[in-house]
Every structure is written in structure tokens, then in C-alpha cells.
Amino acid sequence: MTYLLPPLNALRAFEAAARHLSFKQAAHELHVTAGAVSQQVRLLEERLGVQLFERRTRQVILTSPGEAYLMGVRQAFRCLADATAELRPEGVTSLLHIGVYASFVVDGLRTRLAQFRVAQPQVAIRLSQPAGLHELLEGKVDVVIAQRLQRYPGYRCEPLESGFLIGPLGTSDCPEIETLRSCLHGPVELEPATTIKAPLLPFAR
């Protein structure tokens, strides 16, 4: 059976740009130029006959059709990633970079992140403090724990017991972010230390 699919490079460019809400950061991840990402997305839009992004001066935002398409594309990529992961030996395969505001007390956070590492042993965690919305918009961190409610187009801000979790809408339903959100909200219940495989990397300041 032949599948009528857009070019994979165009889909990768779209998914990465949607996740970062930035052609520049997508380009950095994919090791190409921002112009190349923009061109791939434009070609995909022309092929589909649908505008996937609203282009602004320093940011791109998903349109409603773009958000709907992203769900299907991400599901397909997850299937590919799962199939690939089954072939790989056990170990860390990705990194989640969390920024926290300057006065945040991280002792309780480390306890909750221990739960995260039990649930997602293949994901390493790095903490940066201080870090805020500015660092998130520049792509220096993946998510931010902020001191106060902050709204920004294309980003989701939700309350925690202490502070707010902010991340791009394009990553809000990723398994890693869903697990992190659950650990930050839920009761602290540690598993035996022997089950914790992925490291908590040193602070970046």
C-alpha cells in the first residue's frame, strides 16, 4: 500500500516549529537554518492548502487547523519513536530542561522529580535557576516554574501548589510534560531508589 504523505522533512520542520513556537529554535534542533524551516513549513502549507502558523514579528503561533494537524502528526511521530525505542538498549534518550524562578526552594521539587524519574527513566532532567519566561521564549529551557501567573500567546500557564508551570502549547500533551505535571500536582510517593535510573543533572546558573 502506498501512503499519500507530505515529505518527512516538512513534517519534522512543522512539528519542531510547533513545539518551540519558533522557526529559529526548530532550526537549532534540526541542525538547519531558520530559513530552511520556514521554507519547509511554507511548502507544507501550500501542499495542504491550509495556513498552519500565524507569523508574527518574533514568534509563530499555531492556527486552529495547525493545532488540529499537530495532534495527528505528533501521534504518528510517537508511534515511530516507540517503534525505534524498542530497538534501543535501555538508558537515557532525552533531556527535559526545567527553569525555576530565583527564590524557588528546590528541595521539595527534587523529591517530586525523583517520582518523575521513576515514571520516565529514559528522560534526564536539568534544572536552571534563575530562569523565567524570557529564557523559555529564547528556547534555553523547555518549561518554566514561575512565581506568578504569566500569559503569553502560544504558551500555557497553569497553577501549581507553589507557582505556575509554563510551557509551549505544542508540548502541553507530550508524555514527558504530562508526567511532570502529574508529579508536580500529585502526592509525594517515592519508589525505592534502585528504580531511579535517569540522572538529575547539575544546576545550570
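Among contacts in the protein between residues at least 6 apart in sequence, 65% join residues at least 24 apart, where contact means heavy atoms within 4.5 Å. The model is predicted: local features need pLDDT of at least 70, side-chain atom pairs count only at pLDDT 80 or more, and totals for chains, interfaces and linings use all residues. Residues are numbered from 1 along each chain as its sequence is written, and side-chain values use heavy atoms, with hydrogens and water left out.

**Whole chain**

Start with a cartoon view. The protein has seven helices and eight strands; helices (H or I, at least four residues) and strands (E, at least two) are DSSP runs, numbered from the N terminus. Of the 205 residues, 43% count as buried. Buried means under 20% relative accessible area, exposed over 50%, and partly exposed in between (1.4 Å probe, protein chains only).

**L21**

Select L21, in the loop between helix 1 (8-20) and helix 2. L21 has a positive phi of about 55° although it is not a glycine. Most residues other than glycine have a negative phi, and most peptide bonds are trans. L21 counts as buried, at 4% relative accessibility.

**Helix 2 and helix 3**

Next select residues 23-30, helix 2, and residues 34-48, helix 3. These two helices pack at an angle of about 105°, with their axes 8 Å apart. Axes are lines fitted to C-alpha atoms, for helices over the stretch in contact, and angles run from 0 to 180 degrees between N-to-C directions. Helix 2 and helix 3 are therefore roughly perpendicular to each other; angles under 35 degrees count as roughly parallel, over 145 as roughly antiparallel, 65 to 115 as roughly perpendicular and the rest as oblique.

Show side chains here. F23, K24, A26 and A27 of helix 2 meet A34, V37, S38 and V41 of helix 3. The residues of this contact divide into six nonpolar, one polar and one charged. Ala, Val, Leu, Ile, Met, Phe, Trp, Tyr, Cys and Pro count as nonpolar, Asp, Glu, Lys and Arg as charged, and the others, Gly among them, as polar.

**Second largest pocket**

On a 1 Å grid over the protein atoms alone, a cavity is a set of points where a 1.4 Å probe fits but cannot get out, and a pocket is an open set with protein on both sides within 12 Å along at least five of seven lines; lining residues have an atom within 4 Å of a point. Grid points are joined across faces, edges and corners, and a volume is the space filled by probe spheres set on the points.

About 340 Å³ of space lies in this pocket. Of the 15 residues that line it, S22, R58, Q59, L137 and E138 are the closest to its centre. Helix 2 gives the largest share of the lining, three residues.

**P130**

Move to P130, in the loop between strand 4 (123-128) and helix 6. The peptide bond from Q129 to P130 is cis, with omega near 0°.

**Largest cavity**

Select V143, R156, E158, L165, I166, G167, P168, T171, S172, I177 and R181, which line the largest cavity. Its volume is about 50 Å³. Strand 7 gives the most to this lining, with four residues. The lining divides into five nonpolar, three polar and three charged residues.

**M71**

Finish at M71, in helix 4 (residues 64-85). M71 is exposed, with a relative accessible area of 57%. The C-alpha atoms of M71 and G170 are separated by 9.0 Å, and the two residues are 99 apart along the chain.
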